[in-house]
Each structure stands twice: as C-alpha cells, then as structure tokens.
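This report concerns charged side-chain pairs, one backbone feature and one surface patch. Please consult the sequence and the structure shown below.

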Amino acid sequence: MEAGLTERSDEKGEEEYVLLDLDAVMEHVSIRPDTPYVLTGLDTLNPMLIIDGKVKLIGEYEETIGTCLVFSENEAPVLHKETGPSDANLFSGRCIVDPNQVPSKEVKPVARLQKVLKFRLLLDGVDDAQQDHPSTD
C-alpha cells in the first residue's frame, strides 16, 4: 500500500496519527517520494491533498477495526561475537560484521492509529456527489 503517515494534535495536546492511503490513486498517477505536496483540512470530513501543484485528491476518513501499528524499518548488520579462545583469534571479545551476510531488518514501533484517510482523484468541475454517484442520463 502506497501511503504516508501524518500527525495531528487535538485541543487537549494529544497526538493523533493518520495513515494516508493512496492505493486508489496509484493506478492513475505516478508519485515520486520526494514530490512536494500540500495537505489541508485535516480537521474536516474531506481533507484535500494537492501533489506537485497539479494533482488534486480528496480524502475520506475510515475508522480502523482495532488498532493499527506503524513501524519503521532500518537495515541492521548481523554481528557475530567471538566466544571461544583461540591463538589465532585477533578479535577476542569483540563483535565483528560478516561481510558475506545479508543485512537483516530492524523494525521499531512508531505509532498507533485508529483512522485511515483514503484519497481519490478530485475531478475539476465535478462535485463530490457526482463523483460518488455518476448520472445515468
């Protein structure tokens, strides 16, 4: 799922995280990770996301079933500690990195969230009701 994570603060000073779900948009638009964007109206029912000043998206909140956990992922090299005595052991008591070992991934929890913000393309000149229910004239 192509998505982002954004943080909101409510009046009580508590942080609230929202997952930005762009799955419905990705088949129509290619979005690079470093593309500039403007996200507005997080406190409304339908926030807007404008990508690169060109692509306009409208969002709708969906409650999650249970709590979603968000993790960050970092590469962590595999370390081996020398444990046995050896006359040839020049690295006694030290950790060494095995250059032939594929690095493992280290994951850390970042946030919990209860809402997902699903985005879809906003067509110019068409209001929300017409996009959801096109006429069959």
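## Salt bridges and surface features

Lys118 is partly exposed, with a relative accessible area of 35%; here, buried means under 20% relative accessible area, exposed over 50%, and partly exposed in between (1.4 Å probe, protein chains only). The model is predicted: local features need pLDDT of at least 70, side-chain atom pairs count only at pLDDT 80 or more, and totals for chains, interfaces and linings use all residues. Residues are numbered from 1 along each chain as its sequence is written, and side-chain values use heavy atoms, with hydrogens and water left out.

Side chains of opposite charge can pair when their charged atoms come close. A salt bridge is taken as a side-chain nitrogen of Lys or Arg within 4 Å of a carboxyl oxygen of Asp or Glu. By this rule the count is three salt bridges, listed in the table.

| Lys or Arg residue | Asp residue | Closest N to O distance |
|---|---|---|
| Lys118 | Asp21 | 3.1 Å |
| Arg32 | Asp34 | 3.1 Å |

Lys118 forms its salt bridge with Asp21. Lys118 belongs to strand 8 (residues 104-121) and Asp21 to strand 2 (residues 15-21), so the pair ties together parts that are 97 residues apart in sequence. Strands (E, at least two residues) are DSSP runs, numbered from the N terminus. Asp21 is buried, at a relative accessible area of 5%, whereas Lys118 is partly exposed at 35%.

In the bridge between Arg32 and Asp34, Arg32 is exposed at 54% relative accessibility, and Asp34 is likewise exposed, at 55%.

Although Asp52 is not a glycine, its phi is positive, at about 55°.

Which residues make the nonpolar surface patch? Leu69, Phe71 and Val107 form this patch, with an area of about 310 Å². Patches consist of residues with over 30% relative accessible area and no salt bridge, nonpolar side chains (Val, Leu, Ile, Met, Phe, Trp, Tyr) being joined within 5 Å and like charges within 9 Å. Accessible areas come from the Shrake-Rupley method with a 1.4 Å probe, and for residues only the protein chains shown count as cover. Leu69 is placed in strand 5 (residues 55-76) and counts as exposed at 53% relative accessibility.

How values were computed. Helices (H or I, at least four residues) and strands (E, at least two) are DSSP runs, numbered from the N terminus.
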